[in-house]
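User: I am new to this structure. Can you take me through a few of its residues?

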Amino acid sequence: MDKKGILTKKRLIKETALHIKKNGIDNLSMRQIAGKCNISHTAIYRYFHSKADLINAVYPFIEKKAIDFLNKTLLANTSQDPFSLFCKSYIRYMIKNPHDHYFLHFSPETRQTYPNETLFWKNLLMIFPLFIGFSAITEENQAILLRLVFSVLNGFIFLYNRNIVSCEDPIDDFVDSVLCKYVKPFLQEESTLSFTK
């Protein structure tokens, strides 16, 4: 692929990510994305053979933005409790970007391409220990605990986005009173962990 082709492909990925951020994935049309990039609706198929191929290319782009935000937050706020910071930052990012949240975790199109959320979870597993400080916990248990924490976080985001949660500062209250009080001590005590398959 020549330089112009590479730039066009990158533009298609960025435009698709922007469309998902603003409108969600449900009405994603390759014809519409091609039009936004000033190419014909048939030309997009030179770069992506199907909508699934396009989603496959966009997923890492959207996922990287979320991971970069979390990493940047950790580096900029070294004086705060890392676990609390991680949870609050993740919630705030996903509430601010609800369509990205849905795309990364729940959309049928994403689930078809990434049935086990391979990329997002693999990358979160790499940075999560930095926020938690659980280097003593085995890698297998880290993966289980990460799923537990994210199930709780994603459940809260779901409730928050539907205005079911009501308190003065719901994010801080939730993280401080639920996750930091009950979940964090559990994460830091490897000796109490006993997971079986």
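User: Is Phe174 buried or exposed?
Analyst: This is a predicted model. The relative accessible area of Phe174 is 15%. Buried means under 20%, so Phe174 is buried.

User: And what about Phe156, buried or exposed?
Analyst: The relative accessibility of Phe156 is 5%. The cut-off for buried is under 20%. Phe156 therefore counts as buried.

User: How many aromatic pairs does the structure hold, and what kind do Tyr59 and Phe103 form?
Analyst: The structure holds 4 aromatic pairs.

User: Which parts does the pair of Tyr59 and Phe103 tie together?
Analyst: Both residues are buried. They are 44 residues apart in sequence. Tyr59 lies in helix H4 and Phe103 in helix H6, so the pair ties together parts of H4 and H6.

User: What kind of pair do the rings of Phe156 and Phe174 form?
Analyst: Their centres are 4.3 Å apart. Their planes are at 15 degrees, and planes under 30 degrees apart count as stacked. The pair is therefore stacked.

User: Which residues form one aromatic cluster?
Analyst: Phe156 lies in helix H9 and Phe174 in helix H10. Tyr160 belongs to the cluster with them. The members are Phe156, Tyr160 and Phe174.

Conventions. Residues are numbered from 1 along each chain as its sequence is written. This is a predicted model: local features need pLDDT of at least 70, side-chain atom pairs count only at pLDDT 80 or more; totals for chains, interfaces and linings use all residues. Side-chain values use heavy atoms; hydrogens and water are left out. Rings of Phe, Tyr and Trp (its six-membered ring) pair if their centres lie within 6.5 Å; planes under 30 degrees apart count as stacked, over 60 as edge-to-face and the rest as tilted. Helices (H or I, at least four residues) and strands (E, at least two) are DSSP runs, numbered from the N terminus. Buried means under 20% relative accessible area, exposed over 50%, partly exposed in between (1.4 Å probe, protein chains only).
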